Amino acid sequence: MTIIITGGAGFIGSNFVFHMLREHPQDRVICLDKLTYAGNLSTLAPVMGQDNFRFVKADICDRDAVYSLFAEEHPDVVVNFAAESHVDRSIENPAIFLETNIMGTAVLMDACRKYGIQRYHQVSTDEVYGDLPLDRPDLFFTETTPIHTSSPYSSSKASADLLVLAYHRTYGLPVTISRCSNNYGPYHFPEKLIPLMIINALHDKPLPVYGDGLNVRDWLYVEDHCRAIDLILQKGRVGEVYNVGGHNEMKNIDIVKLICKALGKPESLIHHVTDRKGHDRRYAIDPTKIHEELGWLPETKFADGIKKTIQWYLDHEDWWQPIISGEYQQYYQKMYGSRG
Ligand SMILES: NC(=O)c1ccc[n+]([C@@H]2O[C@H](COP(=O)([O-])OP(=O)(O)OC[C@H]3O[C@@H](n4cnc5c(N)ncnc54)[C@H](O)[C@@H]3O)[C@@H](O)[C@H]2O)c1
């Protein structure tokens, strides 16, 4: 089987590339990534020389580039992680989110229609459901919860989901969608909450927490998300949406305090800053469908996952230091620039 993984130089995509190469060594894995600020080719260095792995630098919005890759490789499966993914950036500049997250998805699905495909899988987010009130802990998002987005990011992801379902109904494209809660783990870009707090705390820098910090997120260890997508590819029903989450709700402020404690840093580093515009209060996923239909359950408890994650950042300063300095963006140029 040949699988194209878009956005495989980013956080979850790279973890999924490693997962697939480890769990399905007979498959050929092609990573297509534009290497935006969030894509880091050095992440993929451990697999770069493998015979069954190929990296292609391209934009999912570039129809010619996507079609020629499909013509050359004839993929059996496409898993689309490629996206602009940071809510704060979407508030500053929504246009690029519409371009990549919606138009890029359409280009990939057009290529699937043109060249044929066994499965197109769209990696989506629980943010398409909007938020839940803090005083109703009995409420969870199910797959039938109405789409009700808050930010340009979540609106672009929801638009893509609707388009994916429309391509299934209109053209019979064999699609599946997963909507996952917040991920954490290795290779998480340092501007996101958990790595930002770990790295700032290590440097005794202020830990900026939006508003009162009481916003609740449902956290899932990234490898559990990768296993869920793998299972959906193998056993998921075409045309279906699967929610993925671990019933692991945490207040942002509690996560930051936990990181301070683990690193032996004082909570006085915590610094409340003006809240994000339209900040969602609570996300909580009901993962009953994927559990009952596909037998998926998260394997990593938050207490263990956060310890592993903190340790990973302590051990991999060589990965995050070049990102913080901006140096990593020259990596591709250095490795491949002269090879055209
Ligand atoms: N991070 C989370 O907690 C989370 C939770 C649920 C769903 N998701 C979804 O999972 C996917 C991956 O998220 P992430 O956190 O790994 O994101 P990320 O920002 O770390 O990585 C995105 C990757 O996509 C690439 N990319 C961006 N635009 C591209 C384009 N036009 N063409 C080709 N490649 C492009 C980037 O270079 C980068 O490698 C996204 O679709 C996101 O919406 C993320």
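This is a predicted model: local features need pLDDT of at least 70, side-chain atom pairs count only at pLDDT 80 or more; totals for chains, interfaces and linings use all residues.

Visitor: How is a pair of aromatic rings described, and how many pairs are found here?

Guide: A pair of aromatic rings is described by the distance between the centres and the angle between the planes. A search of the whole structure finds 17 aromatic pairs. One of them joins Tyr187 and Trp319, which are edge-to-face, with 5.5 Å from centre to centre and 80° between the planes. This pair links distant parts of the chain, as Tyr187 lies in the loop between strand E7 and helix H6, whereas Trp319 belongs to helix H11, 132 residues apart.

Visitor: Which geometry do Trp312 and Trp319 have?

Guide: Their ring centres are 5.4 Å apart and their planes meet at 65°, so this pair is edge-to-face. Trp312 and Trp319 are both buried, and Tyr187 is buried as well. Phe18, Tyr187, Trp312, Tyr313 and Trp319 form one aromatic cluster.

Visitor: Where do charged side chains sit over rings?

Guide: Arg89 lies over the face of Tyr37, 3.4 Å from the ring centre, while the charged end of Arg282 sits over the ring of Phe140, at 5.5 Å from its centre.

Visitor: Is Val123 buried or exposed?

Guide: Val123, found in strand E5, has a relative accessible area of 7%, and because the cut-off for buried is under 20%, Val123 counts as buried. Beyond its neighbours within four places in sequence, Val123 is in contact with residues including Val79, Phe81, Lys157 and His225. The C-alpha atoms of Val123 and Val79 are separated by 7.2 Å, although these residues are 44 residues apart along the chain.

Conventions
Residues are numbered from 1 along each chain as its sequence is written. Side-chain values use heavy atoms; hydrogens and water are left out. Helices (H or I, at least four residues) and strands (E, at least two) are DSSP runs, numbered from the N terminus. Buried means under 20% relative accessible area, exposed over 50%, partly exposed in between (1.4 Å probe, protein chains only). Contact means heavy atoms within 4.5 Å. Rings of Phe, Tyr and Trp (its six-membered ring) pair if their centres lie within 6.5 Å; planes under 30 degrees apart count as stacked, over 60 as edge-to-face and the rest as tilted. A charge sits over a ring if NZ of Lys or CZ of Arg is within 6 Å of the ring centre and within 35 degrees of the ring normal.
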